[in-house]
Amino acid sequence: MSKKIQHILFVFIGILVINYISKSVYKRFDITHNKRYSLSKVSTTLINKFENPLLINVYLEGNFPLEFKRLQIETRQFLEELQAENSNIRFRFINPDNIREELIKKGMLPSRLTVDENGNLSEAIIFPWAEISYGNKTELVSLLPDSALKTQEAQLQNAIEKLEYSFASAFSLISKKAKQKIAVISGNGELSDMYLYSILSKLKNKYRLAKFTLDSTENNPQKTLTDLTKYDLAFIAKPTQRFTEKEKLVLDQYINNGGRSLWMVDTNYADTDSLYNEGKMLAFPRDLNLTDLLFSYQVRINNKLIQDLYSAKIPLATGNIGNQAQFQHLNWFYHPLVNGNPNHPITKNIAPVRFQFTTQIDTLKGNIKKTPLFISSVLTKKIGTPNFVELQSISKQPKQNEYNGGPQLLAVLLEGKFTSAYKNRVKPFNTPSFSSDTKENKMIVIADGDIAKNQLLKGKPYDLSKDKWTGAYYGNKEFLLNAVDYLLDDTGLIQLRNKTIQINLLDKQRAYTEKRFWQFLNIGIPLILLTLFGFSFNYWRKKKYS
């Protein structure tokens, strides 16, 4: 056998060996600087739970704006990563054009996009949704989450950054045998269902909700405590009536037994509706009898109202034209507009949150970790109560030298081991399972009861994330959803919201105005160079061989 044939044979055998190894050993490499194509440990843990086929239908197929092809590509690449990790995951892309009504009935509402083609604007409708099916369970995934971002490019960036979080959240829900339970606390003058409808209707998609009244505490406090401990989180929205000692001990022991809690507390009587009706109102302290309970968690909510020069607008009648009242939107300093902590997943990348007649929180020294979620601007002013608040003050020019109160803490996350407020104290009732200290727990305290209150329009609940008068978009709903997710998440799932990806998008305006230049650069110059090369080569040949 000649050496040439031997070499060919060795190469052939080598190719066969390499193919065999590549089939049995599979490895993907992510060489991007931000590891954008690598799955987090949270995602891999979740998807490896699926031992049976999981089907994902993605309705991103068909004709839609070019930049949103990027979302389609990113989604496909992400799903390929999932499939590489777990072969039970199967996906397909479906054109929704012929099944639009069916998708809408399932809750997958379309998105209207503006298409810019050569400077001409038109509209396109897409269904940026995925549907996950596992056994007899189904979950929907929004691939274009609601956002206050104005440009489509910014929305696309946000959508791609949240891609893993959106799918991981759905995987978590579909893999759970039972939904976690939230107790919406009532019995102490909390906000009614009508004013909580916007946030609760969103929470019910992921959690089981039930109204839980503390009224029975007076007659049977132990049973009330036992019933409450069956819930994972207590949702306490703007109590207006004083808590009894028995009710406080029930909440105290609920927390000490691992229950999570979200407190939205107003320590003053102050209401915008009263202000509109009368033109002025008396704001005065509200005694909820919660000071010692919250003090044991190393926080204190004060009574002084906060005015902030960075504030939301309210409508105010400024005159009449004929029989029509004319309204103007003016800044109302009693409604601070506050940006969230950019370094925490609860508040990262959400719109500013509107607070209404808020006070501020003091934190005390101790072993509990305190993470500020919302801090006002430095241009604040504290108003002691009782005090009159007059609507006509909105027309006065603010004196900046009076707004020197500095940044004020309005919402805080508490994490750690909490101590009972009734440790070493006489207890209002005997409980055999009294716990003086907790294991690791967490809660959120907000110095505003109206942060979860939606407006009413023609007697029906209005979206919490929008203002019905000004049309302004606020981050209240997204913040509260993130807050609940964080409190009930022990897997680190919400940390995926912090994922940052840099997408390099085409500058459409520049591309349109400089179109001729780039056409000449990319088409004309290569043709010119090719022509010059042809003439030069032909001239060189003639000269050499003539």
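Reader: How many salt bridges does the structure hold, and what makes a contact count as one?

Author: The structure, which is a predicted model, holds 23 salt bridges, the term meaning a side-chain nitrogen of Lys or Arg within 4 Å of a carboxyl oxygen of Asp or Glu. Local features need pLDDT of at least 70 and side-chain atom pairs count only at pLDDT 80 or more, while totals for chains, interfaces and linings use all residues. Residues are numbered from 1 along each chain as its sequence is written, and side-chain values use heavy atoms, with hydrogens and water left out.

Reader: Why is the pair of D292 and R425 called a salt bridge?

Author: The closest N and O atoms of D292 and R425 are 3.3 Å apart, which is within 4 Å, and therefore the pair counts as a salt bridge. D292 lies in helix α11 and R425 in the loop between β22 and β23, 133 residues apart, where helices (H or I, at least four residues) and strands (E, at least two) are DSSP runs, numbered from the N terminus.

Reader: Why is D292 called partly exposed?

Author: Buried means under 20% relative accessible area and exposed over 50%, with partly exposed in between (1.4 Å probe, protein chains only), so D292, at 28%, is partly exposed. R425 likewise counts as partly exposed because its relative accessibility is 33%.

Reader: Why is the pair of R300 and D362 called a salt bridge?

Author: The N to O distance between the side chains of R300 and D362 is 3.5 Å, so the pair meets the definition. R300 in strand β13 and D362 in strand β18 are 62 residues apart.
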